[in-house]
Structure formats: structure tokens, C-alpha cells
Amino acid sequence: MSDVPSQGPKAGRNWPTERETYDDPNTGARVTRLTSYPGVPDWHLYFTKSGWYDDGRRLLFRSNRDGSRQLYSLDLESGLITQVTDLEGFEGDTTIDREGRSLYFWVDDRLVRFDLDAFRVTDVVYEVPEGYDRGTFDLAADGSRFYVSIAEPVDLPGERSTFLEMMEAAPPTRILSIPGPQAADGAAGSTEEADPEPELLHEEAGWLSTHMDASPTRPNLFMYPQQGPWDAFEDKVWVQDADSGERWSVRPTPGDSGMGHQHWLADGERVGYHGWEGGRNDPDCFYGHVRFDGTDRVETATPVRETHCHTNTPAQFVCDGSSDVPWNLLYRWDDDRGEYEGPRKLATHDWGEDSPHPHSRLGPDGETVLFDSNRYDGESNLYLVEIPEFESLPVYEPN
């Protein structure tokens, strides 16, 4: 293993609160803009990863306010912002352990553990071998192992490849199990062993290295997609049992249809997603969730084709909207009717051509929704909207 990366001198710096609270002009919901540092973008963690920690009192986010993308922590009561990392080569994709004491992320080609109490990198968990590019990772529910993807590099035309070009290049990809901070029998310290031996869980020629999501309750289960245009796959999203090696498609999309933006519900038993049927030009769009083994599927129609939707439980879910639908859209499950009610407009994000994706995500208590928007000054900021009574929100009516 290589040397442990050292923090720079800017870690631990504080910024005063940047909060402003207002009533949404279109829905009346109470919204707090959490960040507003001028001239630089802020983003919350990708919507599949929760940034809340310290029993929900603090929120991690990413920002370029230091001149490079680093991690910051926001005290949700006081609004105080603290710079968490000052690391050259910090990549951004971050996982918080269940205790909220450690972070895991890439620094260049090293997957490292970061101590949130000491504000320092303590261990190099894994280093990508020569001849491979790093992919993504997640930590198993019991901390026993990491699920890590790596891929052989491919040469593509142009400075920025498209989804189609990457899919057609089919980079040879490996999914590995790496010993985690807690051994399977509960013993601590496995990350400190010298050069732990990875276990190969799956390999194929295909672009699998962009998302890795472990079930938050079942340590043996993880999920990943075939990446590329959604309608290029009849089986895009896969769940795998790391113990048995068995894997299966969680929601097939045969014919001219597609799905993606998969995420685990909080129970670790169900997978959420959205997609469409009937083709890109005249799609019938839906959001759904299904048990991890592909059974007990529940779906409902939505007005937007390629957006992000999120839920913690089947009781409600939120979707981003789009550039044509400039609000988060909220749905609620009706037990009596056995279907979802909605959508209702929740908060205005003014999603324009140069806007960040809102990546709307319900808070851990299900009472708030976090999203990104550049409606304030043209740069991405974090917004947190309190969910009011469902009936008080305006019904979304398509044009």
C-alpha cells in the first residue's frame, strides 16, 4: 500500500451561516437555501448516498469554494459550514459508515478511510492495480467488506465520450470484494492488514463501473447497472448475492423501453427506479419499486421521462421534475385505493439548460427533501424544503 494522504492546512476552516428561509412562490412550502457562497457551485452527495450524519444534525456536501472540489459539513441547526477535506486528488464519491464516524472515498487511485472526529485520513483501504481505472464502491451493511469496481482503460475519440461510445467500447470490468472495517465475525481492524487480497465477484466486458450500491440492511447484496442509453438494455440493473455469486435482473425492460437511476429503500429489501415504455418519442413514464429478487413490483405513472426519483419507504416518493416541469413532484401512497396519489408540486427549482440536476432526496425522517438548484445566482446551491400537508400542495397539471 502507498502512503496515507495528508490533509492540507485548510481543513477545519469555518464559514458563517449562508442560510435564507422563504415560502416557495408557487407552492407555499417552507424552503431553506442552505448555501449561497458567491460564484462557486455546491452540491449534495449523489442522491443514492445519504449525506446526513451525527444523528441527522449535520449534512455533508461538496463544494468548489476552496478552488477544488472538497467535502464540507453543514450544521443544520446553526448553519455553520466547516471544511472537512483539503486533499489533492479527492474524487468526490463518498460513503458514510453506519455509525457516522468514518468516511470512505477515493484519493486518486486509493480508496481511503477518513476519521470524522480527527479530520484525517487514517488508512488506505485499497489501491487500484496498474492497468486499471478506478470505478465506484460502497460499504456492506455490516462493514465487513467493500464492493469495488475497476475497469481496463479504453481509447475513445474526442475529449468527452458519450454514453453510447462508452457502452460500445465495453471496457473489461471487475467487481471485487475488499475486506472492510469490520470482519464478518465482528472483529475490527481488517483495513489495517497489509495488502488485503481482493475477492473477484464478477467480471465482464461492459461498462459496469459507474454506480455501486450495497443494500443498507443485507450485507451480502449489492446492486449495479449496465451503463449506457437506457433503451439499449433489456436487463440494465442487476442485484448480486456476494456469498452465492448468483445475480439477477431486478426489473427487465424488453422492447422499446428503459429504466435506471436505481436506489435502495431504507429497509434494504426494495429497489426504487424510474423508466418508460413505448419508446423515447412518446413514452409512458413510471416510477416503481420492487423487492430485491424482482417480486412484488409496484409502479405508477409520472410525467417526466429521464429524471431522478427517491424514497425511503413506499409511503411517499419525490421526483426532480425537468426543465419543462420546474418543481419537485411529490407522491403519496393511498392505502384505501392501493395506488399513489399525485403528483403535487413541492418546491420550485427553475431547472434550466445550464442548471444542475436537482437530485432530489428525502431526508432520513421523511419530513424534508434536499435538492440542488442554481435559481439563486446561477451557481448550484443546496436547498431543503419542509414537506407540508399533502393536500395543501398544488396539483401538477400538465400543459
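Predicted model: local features only at pLDDT ≥ 70, side-chain atom pairs only at ≥ 80, totals over all residues.

Q: Let us start with the rings. How many aromatic pairs does the structure hold?
A: There are 20 aromatic pairs in the structure. In one of them, the ring centres of Trp15 and Tyr37 are 6.4 Å apart and the ring planes stand at 90°, so this pair is edge-to-face.

Q: Where do Trp15 and Tyr37 lie?
A: Trp15 belongs to strand 1 (residues 14-15), and Tyr37 is in the loop between strand 3 (30-33) and strand 4 (42-44), so the pair ties together parts that are 22 residues apart in sequence.

Q: And is Trp15 buried or exposed?
A: Trp15 counts as buried, because its relative accessibility is 11%. Tyr37 has a relative accessibility of 27%, so Tyr37 counts as partly exposed.

Q: What about Trp248 and Phe292, how are those rings set?
A: The planes of Trp248 and Phe292 are at 45° and the ring centres 6.4 Å apart, so the pair is tilted. Trp248 is part of strand 20 (residues 247-249), while Phe292 sits in the loop between strand 23 (284-291) and strand 24 (298-301), so this pair ties together parts that are 44 residues apart in sequence. Both Trp248 and Phe292 are buried.

Q: Which residues form one aromatic cluster?
A: One aromatic cluster is made up of Tyr287, Phe317, Tyr331, Trp333 and Tyr340.

Q: Moving on to charges. Which ring does Lys345 lie over?
A: Lys345 lies over the face of Trp327, at 4.0 Å from the ring centre. Arg65 likewise lies over the face of an aromatic ring, that of Tyr72, with a distance of 5.7 Å from the ring centre.

Q: How many salt bridges are there?
A: The count comes to 28 salt bridges. One of them joins Glu204 and Arg247, whose closest N and O atoms are 3.4 Å apart.

Q: Which strands do Glu204 and Arg247 lie in?
A: Glu204 is found in strand 16 (residues 199-205) and Arg247 in strand 20, so their pair ties together parts that are 43 residues apart in sequence. With a relative accessibility of 21%, Glu204 counts as partly exposed. Arg247 also counts as partly exposed, because its relative accessibility is 26%.

Q: Which residue does Arg291 meet in a salt bridge?
A: Arg291 meets Glu269, at 3.5 Å from N to O. Arg291 lies in strand 23, and Glu269 in the loop between strand 21 (258-264) and strand 22 (270-277), so the bridge ties together parts that are 22 residues apart in sequence. Arg291 is partly exposed, at 27% relative accessibility. Glu269 is partly exposed too, at 21% relative accessibility.

Q: And Glu339?
A: The side chain of Glu339 forms a salt bridge with that of Arg337, at 2.5 Å from N to O. At 34% relative accessibility, Glu339 counts as partly exposed.

Q: Which residues do salt bridges that share partners join into one network?
A: That network consists of Asp54, Asp55, Arg57, Arg58 and Asp75.

Q: Now the empty space. How would one look for it?
A: Rolling a probe the size of a water molecule over the atoms shows where empty space is left.

Q: How many cavities of 30 Å³ or more does a search of the whole structure find?
A: The search finds 1 cavity of that kind. The largest cavity has a volume of about 40 Å³.

Q: Which residues line the largest cavity?
A: Its lining is formed by His44, Leu45, Tyr46, Lys49, Gly51, Trp52, Leu59, Leu60, Arg361 and Leu370. Sorted by class, these are 6 nonpolar, 2 polar and 2 charged residues.

Q: How much space lies in the second largest pocket?
A: The second largest pocket holds about 900 Å³ of space. It is lined by 33 residues, and the closest to its centre are Ser50, Ile96, Arg98, Pro216 and Arg361.

Q: Which elements give two or more residues to that lining?
A: They are strand 5 (52-53), strand 9 (90-96), strand 13 (133-139), strand 17 (213-214) and strand 29 (361-362). Strand 9 gives the most, with 3 residues.

Q: And by class?
A: The lining of the second largest pocket has 13 nonpolar, 11 polar and 9 charged residues.

Note on methods: Residues numbered from 1 in each chain as written. Heavy atoms only, no water. 1 Å grid on protein atoms, 1.4 Å probe; cavity = no way out; pocket = protein on both sides within 12 Å on 5 of 7 lines; lining within 4 Å. Points joined across faces, edges and corners; volume = space filled by probe spheres on them. Nonpolar A, V, L, I, M, F, W, Y, C, P; charged D, E, K, R; others polar. Phe/Tyr/Trp six-rings, centres within 6.5 Å; stacked < 30°, edge-to-face > 60°. Helix = DSSP H or I, 4+ residues; strand = E, 2+ residues; numbered from the N terminus. Buried < 20%, exposed > 50% of the residue type's maximum accessible area, 1.4 Å probe, protein only. Lys NZ or Arg CZ within 6 Å of the ring centre and 35° of its normal. Salt bridge = Lys/Arg side-chain N within 4 Å of Asp/Glu carboxyl O.
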